[in-house]
Amino acid sequence: MQLNPVLAQFLTPDKRTLTFAAKGVIAMALSLYLAMYMDLERPYWALVSAVFLQMRPESGLVIEKGICQILGTLAGGAAGIAILAGLMPYPDLAVACLALWVGVNAAASTMVHRLNFIYGFAMAGMTASLIVVLVMANATTADSQAVFQVATARMSEIMVGAVCATLVSLLFWPVRVKGVLRDHARNVINQMLAYLDLELDPQGERGNRHQHADAVLASLINLSDDASAVIYEGLEGRRRARAADLLCNKVLSLLAVIQIFGRFRRNHPELLNADLHALLDKLRQGFQAMAATPSYSQAYKQAQQLRRELLHYRASHVAELPIQARLVQTAMELVGDLTLVLKAYDALENSDKTLLKIPSLGSYRDPLVGAITGLRSALVFLIGAGIWIGTASPSAVMLMILPLTFSVMFARLPSPTYVLGRLLLGVLVAVPVALFFVLGLLAQSSGDFEVLILVLAGPFFLGLMALANQRTLPYGLGFCIPFIILTQPGNQMRFAVDQTLSTALAIFVGMSILYWVFKLITAPDSLLMQKRLIRLTARDLAEIGEHRNAEHWFNGRMGDRLMRLSGYEQGNPSGQRQMTDLGLTGLNLGHVSLRLRRQLEGNADPRVRALLRQWQRVLADAYLLAAKGQLSGRFRRSSALLLAAVRKSGKSGPQLELIEGMMERLALTFDRLAPAMAAWAKKAG
């Protein structure tokens, strides 16, 4: 009988879980000891800080998160001091200004890609709130000295926890990001090879193809998210980060290219002669062989051999149609990108210096999503502030602090309410454990630090065991943070049951408010957001020639967009994935236009350059019209004008043939896409 995942995490833990929990207990004990030794007012905030840093135990990620936490704390401290300096006599304005600061940080967190950077913005909002609210709670005794003391105390407590957690991560059973990146990279490559095989299978099912594409994108995002932290792991870290960036970039390029062959085999088999069908079968067999080999170095050699065979094929075969010549060239580009993916894995494994100058991927930023996230966080804070002001209860401070932190951290999740529901269950478990077990024992103890840690270590260890697994992490987070705040370990502990229950109620109400605010203030309708993502893709297609490192810029933005489109449609009961297909087509169009630009980059004819810019805009317009189910008549005309200008400028025959094949292939894409989208729109609505 298979155990429930939650029970299995506690009853049959693996070595990694036990090590993770032990390191967490050591980090929290050290944080508490130093905070108490320094006689800080609220040492338990050092414990909260240490818990947040333990959520990812890899050394590089802990260092990066520690830096983000310290910088966010300093920024939040400065903001809190500035608000109090100018608005202390006007508490309502101070709360409004603080809500604005919280909203701005929440909105800014959606503009960054790394989870640790998001956490830094959450800390900036939380620290400012702590300082302002705790000073205003004792407004009668507040002056400039009191403001400074509260600010330095809160920042000191949080930074003590950050430093201790970082040191423990580095010194006790260290886990390196490079190992995690290697695992991510292996997943990406294995899933990519399976997807390449499936796309070239004429009998492959559409739903299966989408599942494989979703898996590739999810693994790719994990690899990209963790890549920045490896730079903190020695001199070779930056090279590994660049190798990971190259691998992500080229996998997206493979996603863009492989669709061409799959769609031709399924939709236009009459345009492929027997030799091309045999060539595609050979490609598929090569991908299967690479997937079967146990060594990535051997797979790299197989990819090189496959590329040599393609070169021989191109030299020994004459294409019957320009589009066939273009397909052979595309096959060579595909295998070339796959070779670079395998080379990047080798560089990630061995820190190859040749990849040091590879630029990092760009990222997609949506101001609309930022505005919604900022509004939601500001509203959560204002509701908590209203209850605090109305009740004048010291415990109501928790209505503002924890919910706003989680509102920033969970905004990126596809289903934040699901996570919050599990987190609330963790809170419900933390209350009786804190009230009847820990405080009951500590009230009868001598008050020594050793006894304090012995009593706290058991609940901490169990909570950290839950944090060690992605499936049980919300339960662990919901237990650990409230448990610390309810017990409030320190030099001057209080054992008042009424105060503990009041704080527990405030935490539960605050998290419940956050749950319902997430329910009520959601992203715009999913179809509206999908259409917005397609419009932004068309805009990028029109502007792609204006950016340096355009391939990395475009791939970074499209990677995020494809994940969003996929996420919107995965829960679609009809199983339709038209918008995901449309996003993948946009990715492909961007890569085709980049390849055309590389073909023409040595052409100095001003007419060719002017027509290329016009063609790029027409391509973007044709894509947008096809998304609406309409066929653009301008695209073929613009392509013919550009082709004529290139021919007149003196381009050689083979290059002209490739460009002509490229234009024809794009025209066929729009011919297929527009009717499909029109039929889908009619059926949907």
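**Salt bridges**

I started with the salt bridges and found 15 in the structure. I took a salt bridge as a side-chain nitrogen of Lys or Arg within 4 Å of a carboxyl oxygen of Asp or Glu. The model is predicted, so I noted the limits: local features need pLDDT of at least 70, side-chain atom pairs count only at pLDDT 80 or more, and totals for chains, interfaces and linings use all residues. Residues are numbered from 1 along each chain as its sequence is written, and side-chain values use heavy atoms, with hydrogens and water left out.

I looked up K250 next. Its side chain meets that of E551 in a salt bridge, at 3.2 Å from N to O. K250 sits in helix α10 and E551 in helix α21 (residues 550–570), so this pair ties together parts that are 301 residues apart in sequence. I took helices as DSSP runs of H or I with at least four residues, and strands as E runs of at least two, numbered from the N terminus.

Are K250 and E551 buried or exposed? K250 is buried, with a relative accessible area of 11%. E551 also counts as buried, at 14% relative accessibility. My cut-offs were under 20% relative accessible area for buried, over 50% for exposed and partly exposed in between, with a 1.4 Å probe and protein chains only.

I then checked E333 and R595. Their closest N and O atoms are 2.5 Å apart, and the two form a salt bridge. E333 is in helix α13 (residues 322–350) and R595 in helix α22 (residues 578–600), so the pair joins parts 262 residues apart in sequence. Both residues are buried.

Which residues are linked in a network of salt bridges? I listed K250, E333, D337, E551, R595 and R598. Both pairs above are in that list.

D671 and R636 gave me another salt bridge, at 3.0 Å from N to O. D671 belongs to helix α25 and R636 to helix α24 (residues 634–648), and the pair links distant parts of the chain, 35 residues apart. D671 is partly exposed, with a relative accessible area of 31%. R636 is partly exposed too, at 40%.

**Cavities**

On a 1 Å grid over the protein atoms alone, a cavity is a set of points where a 1.4 Å probe fits but cannot get out, and lining residues have an atom within 4 Å of a point. Grid points are joined across faces, edges and corners, and a volume is the space filled by probe spheres set on the points.

How many cavities of 30 Å³ or more are there? I counted three. The largest cavity holds about 110 Å³ of space. I noted its lining as Q259, I260, R263, F264, N267, H268, N588, R665, L668, T669 and R672. Helices α10 (237–267) and α25 (653–684) are the elements that give two or more residues to it. The most come from α10, with five.

I sorted the lining of the largest cavity by class and got three nonpolar, five polar and three charged residues. Here Ala, Val, Leu, Ile, Met, Phe, Trp, Tyr, Cys and Pro count as nonpolar, Asp, Glu, Lys and Arg as charged, and the others, Gly among them, as polar.

L200 lies in the loop between α8 and α9 (206–227). L200 is buried, with a relative accessible area of 0%.

**Surface patch**

I found a nonpolar surface patch of about 570 Å², made by V163, L167, L170, L171, F172 and W173. Patch residues have over 30% relative accessible area and no salt bridge; like charges are joined within 9 Å and nonpolar side chains (Val, Leu, Ile, Met, Phe, Trp, Tyr) within 5 Å. Accessible areas come from the Shrake-Rupley method with a 1.4 Å probe; for residues, only the protein chains shown count as cover.

Where is W173 found? I placed W173 in the loop between α7 (144–171) and α8 (177–199). W173 is partly exposed, at 47% relative accessibility.

**Positive phi**

I ended with backbone angles. Most residues other than glycine have a negative phi. D39 is not a glycine, yet its phi is positive, about 55°. D39 lies in the loop between α2 (15–37) and α3 (44–53). D39 is exposed, with a relative accessible area of 58%.

Q488 is not a glycine either, and has a positive phi of about 45°. I found Q488 in the loop between α18 (473–487) and α19 (497–520). Q488 is partly exposed, at 27%.

Definitions and conventions
1 Å grid on protein atoms, 1.4 Å probe; cavity = no way out; pocket = protein on both sides within 12 Å on 5 of 7 lines; lining within 4 Å.
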